[in-house]
Amino acid sequence: MPRYDARRIEPKWQAYWDQHETFRTPDEVPEGPKFYALDMFPYPSGSGLHVGHPEGYTATDILSRYKRMNGVNVMHPMGWDAFGLPAEQYAIETGTHPRVTTYKNIDTFRRQLKSLGFSYDWSREVATTDIEYVRWTQWIFLQLFDTWYDPGFTWTGPDGKERTGKGRPIAELPIPAEIEQQGDDVVRQYQDDHRLAYQSHAPVNWCPALGTVLANEEVTADGKSERGNHPVERRALRQWMLRITSYAERLGSELDDVNWPESVKLLQRNWIGKSIGAEVDFYCPSLESGGTSGLSASESFEEWKQARSQSKFPAQPEESVLRVYTTRPDTLYGATYMVIAPEHPFVERLTTEENKDAVEEYCRKAGLKSDLDRTDLAKEKTGVFTGSYAVNPVNGEQIPVWIADYVLISYGTGAIMAVPAHDERDLEFAQQFDLPVIEVVETPDDAPNIGFTGEGTAINSGEFTGTPTKEFKRKIIEKLDSEGVGTKAVNYKLRDWLFSRQRYWGEPFPIWHEIDDEGNLTGKMTPVEESELPVELPEMEDFKPKGTPEPPLSFAPEEWLYKIDENGTRWKRETNSMPQWAGSCWYYLRYCDPKNDDAFIDPEKEKYWLPVDLYIGGVEHAVLHLLYARFWHKVLFDLGHVTCPEPFQKLVNQGMILGEAELTGFQDAEGNWISAKELPDNFEGETVSVAAEDVEKQGESFVLKANPSIAIDSRAHKMSKSRGNVINPDDIVSDYGADSLRLYEMFMGPLEQTKPWSMSGVEGVFRFLARVWRMVADDRAEEVQLNDAVQDVEPNEEQLRILHKTIKAVTEDIEKLSFNTAISRMMEFTNEISGQDIRPKAVLEPFVLLLSPFAPHLAEELWELLGHEESLAYAEWPQFDESKMVESEIEIPVQIKGKVRGRVKIAADADQDAMIAAAKTAVADYIEGKDIVKTIAVPGRMVNFVIKG
RNA sequence: GCCGGAGUGGCGGAAUGGCAGACGCGCUGGAUUCAAAAUCCAGUGAGGUAACACUCGUGUGGGUUCGAGUCCCACCUCCGGUACCA
């Protein structure tokens, strides 16, 4: 009884592909066109594959199989983003080494993916935790360590484009004479300060209760730990940073050249956050130390201005000057006070004796707050007056300098001029502390000027009064520039990348720190020799937190942690580890040459396979992963290790798959229904799952049949363990087969769209595959054999037309990644041909090839049944012939004033006159006795008569 | 608040400015069967009719056009992202 039996067919072909290495991409660089189809590799979690994974994976698999059949060399690899917190947490709880857990999970994922029949070249599999992989991750880190960014360097890359700004070897960094004079240590420090990988003391999320440092993602919005809900503090610790900000401009502008969704490009551009404005210097008389005694504030200001008009705008302002960044230099006349961040280096010097206590208290509190606390808009603005004043360079007015945490030290210069009339935040602050507000921009309409932040016309602005905003900006920058008190400036929201974690399960940094006799770092460091790579993680048995923010690696065995070189210098290893992002920044390169011991990738292979032609993954990586990977790629590009400026030519985000749609009703404590429309925000009653037959649609919403005043909530929710709506792909494979799972996920709707799961939908595509099976195979026979209707005869015109239309539609839909419509075209083909008593092989064979990228197991089985001995994986993709698709006669609609009033059959190639003549007969009743004012005839489409009377 | 995406039958969805709802699910009826499952056939937007006809219908209101789900303007709702970046 050979019915369609996925459980027999699928393991058979998976074994065949394995044995024959069907999808092995040759190691050597091939000839001809290539296609690199990449999936965002998964983190192998303990809970196994989720139905969201196979969605993108099936899409790239369809493209890969389709391209192979078109004679293209395909790179289609898979691997594991295997470092990560859960394995380490598990180790803390159970003592099982993270490596053990990780590789066990990888085995599960591999088994699950293999059961879905993806055409990966498994010989290229890599895990970011593999020691040979870690070696090259560390090697790339050393490249970053050995590089500085030269913003003024103009050069032409291997892509033939001229750029300004280049990552260059640190040895090429020019050392200023005054640095050189101060000796080797200062030179070394100068170099260290310019490296793309550098150290800083950045605040981290330290959770005393858990005894560990947390990543930002592990801290909730209200500043508690995600696990356990314990308070989290900010603590400054020595950290590694990557100077991604040097690449901000190129990361933004080079997005223009990639084929990505505009929404993702926009997300990245917003994240980079380029803004253009000016830096302006404000002279602070109280900061002037010595030499000015006897001069009044305004006298010393004039003296300073005089000096500036000679010296021009300096790279670093003097100790007596507050430098601000503003995007609205045109509002300079409206600046009524200044604000500096609590962390600003001038805080202490600006604070007068009588304000000292208040300022210290304020800054201490601000330091404890997380960024999230500080940016909470619901809270009132806070701040404290320093007691000092600064002088507005355009009009000599003295304005007070405040400290407030709404100004961030990490953006711009950490200081602002406040223009409360035309900035919401400044206005709020001014109202809070009763500071003056001066209008300097007039709105183009009747709206009030105060609070207006758009462009208008200047008022109260001295010589500039009456100037439109745009022009004013240009002119004031010119003026400030000529006076040496300001200049045009560009700023980015993007911050440098905090690259170290206080974790065990990550790549160790290949860095040695010199230590003194007490074991303290001297500040001198040296990279691990390339020949010494990789730096392996030390074996440790105890993963428990020690209650201090020291990384776990600082408790590593001494022989790992320390070394003494020949001349007696003692060194300690870096004990931070790299974040999970590190491995995913370059895995797409390693796939092309996964076993290379001499280089992270062979240049020839890089040149051939890169860039990735199609990269599919979730939107959650739209900013961080994709920005980090692009950054590394650009550094490697500048250093000449890769030849294309962008790693991912085309990007597609697959949509989220939600759980099955649910109907939910609400009841109060007494069991009375509450309409979903009247649900209070603080609803605390029962949510009740409602059966579909108890509900009907009324207008826009679903209501209870028994009581139509009660609206029922109908929606699909994100799959989650707590909700209990998680679908396990293994279950679908065992109940319906991998081909059904693949086909269903592609049939659900457009790839990019969020869509709810439906079990009966899975059943539907399973029924389709069973129909395909019966169309070709005899499901009543004892053995697997061809259906009697399948015959080696010439197909008729009708059959050929259906076939060629299907080939055309499926081919074009695959190219567009419109898989749902491709599948419906194959369903239409099957509906037509299944109904015929004679089904020529010559139409079934191309059809099986069309189906094969979607349902490869069934297709291989049918291909074999149709008499082929070789796998269809490299069979030639069917070509369509337009001439076989033409119909001799077609039916078109006939409209009267745009409304369909009849239809008529005409010859397919009928000209307009013939169409109109035929159409008139079809709507004779309507046009009789009427004037035809206008006639529109679209060949092959429709005829429309516009009549009068 | 700002940015992005989306609103089409009971549901998922389809439609180069040209017959709205392809295809699938669900539902109804029928065939097959001792019966069921499976399968096959027919129907299935709403109103209306004995049946046709006809009328209405793509979130709402306007507009452009011979003709609008599709283009333009205004608005509403939902989903996602983001958050004092001067």
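Of the contacts in chain A with a separation of 6 or more, 71% are between residues 24 or more positions apart, where contact means heavy atoms within 4.5 Å. This is a predicted model, in which local features need pLDDT of at least 70 and side-chain atom pairs count only at pLDDT 80 or more, while totals for chains, interfaces and linings use all residues. Residues are numbered from 1 along each chain as its sequence is written, chains are lettered from A and ligands numbered from 1 in the order in which they are written, and side-chain values use heavy atoms, with hydrogens and water left out.

**The chain as a whole**

- The secondary structure of chain A consists of 29 helices and 39 strands, which are DSSP runs numbered from the N terminus, helices being H or I with at least four residues and strands being E with at least two.
- Taken along the principal axes, the box filled by the C-alpha atoms of chain A is roughly 110 × 90 × 70 Å.
- Chain A has 949 residues, and 53% of them are buried; buried means under 20% relative accessible area, exposed means over 50%, and partly exposed lies in between, with a 1.4 Å probe and protein chains only.
- Carbon and sulfur atoms hold 48% of the accessible surface of chain A, which comes to about 44000 Å²; such areas come from the Shrake-Rupley method with a 1.4 Å probe, and for residues only the protein chains shown count as cover.
- Chain A carries 101 positive and 158 negative side chains, and the centres of these two sets lie 3 Å apart. Lys and Arg count as positive and Asp and Glu as negative, whereas His and the chain ends are not counted, and the place of a charge is taken as NZ of Lys, CZ of Arg, CG of Asp or CD of Glu.

**Aromatic rings**

- There are 56 aromatic pairs, counted when the centres of Phe, Tyr or Trp rings (for Trp, its six-membered ring) lie within 6.5 Å; planes under 30 degrees apart count as stacked, over 60 as edge-to-face, and the rest as tilted.
- The pair of Y4 and F766 is tilted, because the ring centres are 5.6 Å apart and the planes stand at 40 degrees.
- Y4 lies in the segment before helix 1 (6-20) and F766 lies in helix 23 (residues 759-776), so this pair ties together parts that are 762 residues apart in sequence.
- Y4 counts as buried, because its relative accessibility is 9%, whereas F766 is partly exposed, with a relative accessible area of 24%.
- The pair of Y120 and W122 is edge-to-face, because the ring centres are 5.5 Å apart and the planes stand at 80 degrees; both Y120 and W122 are buried.
- One aromatic cluster is formed by F141, F145, Y149, W240, Y247, W497, F499, F509, W581, Y628, F631 and W632.

**Charges over rings**

- R65 lies over the face of W17, at 4.8 Å from the ring centre; a charge sits over a ring if NZ of Lys or CZ of Arg is within 6 Å of the ring centre and within 35 degrees of the ring normal.
- K381 lies over the face of Y406, at 5.4 Å from the ring centre.

**Features of the backbone**

- L533 and P534 are joined by a cis peptide bond, with omega about 0 degrees, and P534 belongs to the loop between strand 21 (521-527) and helix 16 (558-561).
- L610 and P611 are also joined by a cis peptide bond, with omega about 0 degrees, and P611 is placed in the loop between helix 19 (603-609) and strand 24 (614-618).
- D434 is not a glycine, yet it has a positive phi of about 60 degrees; D434 is in the loop between helix 14 (424-433) and strand 16 (441-442) and is exposed, with a relative accessible area of 71%.
- K897 is not a glycine either, and its phi is positive at about 50 degrees; K897 is in the loop between strand 36 (889-896) and strand 37 (899-907) and is exposed, with a relative accessible area of 56%.

**Two residues and their surroundings**

- T102, in helix 4 (residues 98-114), is buried, with a relative accessible area of 3%, and, not counting residues up to four places away in sequence, T102 touches A82, A87, T129 and W505.
- E455, in the loop between strand 16 and strand 17 (457-458), counts as partly exposed at 39% relative accessibility.
- Leaving aside neighbours within four places in sequence, E455 is in contact with P444, T469, K470 and K473.
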